[in-house]
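Subject: Structure handover

Hello,

Here is the structure you asked about, with the sequence. Please have it open while you read the notes below it.

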Number of protein chains: 2
Amino acid sequence: MRNTARWAATLGLTATAVCGPLTGSALADTDAAPASLYAPSALVLTVAHGDTAAMTTPVRAVTLSCAPTPSGTHPAPGSACAELRGVNGDFDALRGRDGVLCTKQYDPVVVTVDGVWQGKRVSYERTFGNECVKGSYGTSLFAF
Amino acid sequence: MRNTARWAATLGLTATAVCGPLTGSALADTDAAPASLYAPSALVLTVAHGDTAAMTTPVRAVTLSCAPTPSGTHPAPGSACAELRGVNGDFDALRGRDGVLCTKQYDPVVVTVDGVWQGKRVSYERTFGNECVKGSYGTSLFAF
């Protein structure tokens, strides 16, 4: 199967856009064949008004795919993917920007991220005190 | 906020492509404004070899967005969205096609769907006995 993968990579098949591969370590765990040079990265981001995702209805939801090229209904896939790569897919590592002033008003906004980042499943949820605080984190990832 | 929403709707802002709305009933629950005429539908589909998603690494992951137009890295967004609309977003209602013959070999494949379908959160997982059985369900939705 590895020979098949090399052959596919050599020909540069356009299937890379659709099919994600296994990483090297994942290959050791399963006997599935890598189908492209890219680990799959496909995410759905939602935002809702409330404390927890379970108790809320999403007001907006966008898709974000980062390999082989950034795409999706996210308004800025390129910079969102760059931001995610910058923190190595660790959403908690996104920090508030300096110089953003927000009130302490409690009007919570909950953001969720589900799907796959570089071959690993993602299920993330984060609640911000209000819309301004949400907007102060990172630059483009949560701006949808 | 409601006046702002009306103004945006009147101008027919292209933001409708990005921002999902609240449904009428959801509006009663929160004070957020509808941002488009479409309930958000954004999904990530994954496939992995194994019994359960939790125990497996996804080999492929694609995005699928169905409103306002079908899009995503899914190879056939149009027919996948049509199929989902046909079962009203009920993945369990997808039936195996007649006339497909599969062996009983147990080589399980697990499919997951996460995100939002017409404004409602989705977290779905289904295991098929083998790849052939998976391929016999629906037509295009799980064919990625």
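In this predicted model, chain A has an open sheet of four strands, paired antiparallel in the order β2-β1-β3-β4. The edges of the sheet are β2 and β4 of chain A; each has a single partner strand, so one side of each is left without a neighbour in the sheet. From one strand to the next, the twist averages 15°. As background, strands of a sheet pair through backbone hydrogen bonds, in either a parallel or an antiparallel way.

Two of the pairings in chain A can be followed residue by residue. Strand β1 (residues 42–49) of chain A pairs with β2(A) over six bridges, in the antiparallel sense.

Next, chain B. Its open sheet also consists of four strands with antiparallel pairing, in the order β2-β1-β3-β4. Which strands stand at the edges in chain B? They are β2 (60–65) and β4 (120–128), each with a single partner strand, so one side of each has no neighbour in the sheet. On average, neighbouring strands of this sheet are turned by 15° against each other, direction ignored. Helix α3 (residues 77–86) of chain B packs on the sheet and touches β1 (42–49), β2 and β3 of chain B. Strand β3 (residues 109–117) of chain B is joined to β4(B) by nine bridges, and the two run antiparallel. The partner of B:Val109 in β4(B) is B:Phe128.

Then the disulfides. Over all chains, the structure holds four. One of them joins A:Cys66 to A:Cys81, with an S to S distance of 2.0 Å. The torsion about this S-S bond is about -90°, so the disulfide is left-handed. A:Cys66 lies in the loop between β2 (60–65) and α3 (77–86) of chain A, whereas A:Cys81 is in helix α3 of chain A, so the pair ties together parts that are 15 residues apart in sequence.

Some backbone details deserve a check. Most peptide bonds are trans, and most residues other than glycine have a negative phi. The bond from A:Ala67 to A:Pro68 is cis, with omega near 0°, and A:Pro68 is in the loop between β2 and α3 of chain A. In chain B, the bond from B:Ala67 to B:Pro68 is cis, with omega near 0°. B:Asn88 is not a glycine, yet has a positive phi of about 55°; B:Asn88 sits in the loop between α3 and β3 of chain B.

Regards

How values were computed: Residues are numbered from 1 along each chain as its sequence is written. Chains are lettered from A and ligands numbered from 1 in the order in which they are written. This is a predicted model: local features need pLDDT of at least 70, side-chain atom pairs count only at pLDDT 80 or more; totals for chains, interfaces and linings use all residues. Side-chain values use heavy atoms; hydrogens and water are left out. Two strands pair if DSSP finds at least two bridges between them. Axes are lines fitted to C-alpha atoms, for helices over the stretch in contact, and angles run from 0 to 180 degrees between N-to-C directions. Contact means heavy atoms within 4.5 Å. A disulfide is a pair of cysteine sulfur atoms within 2.5 Å.
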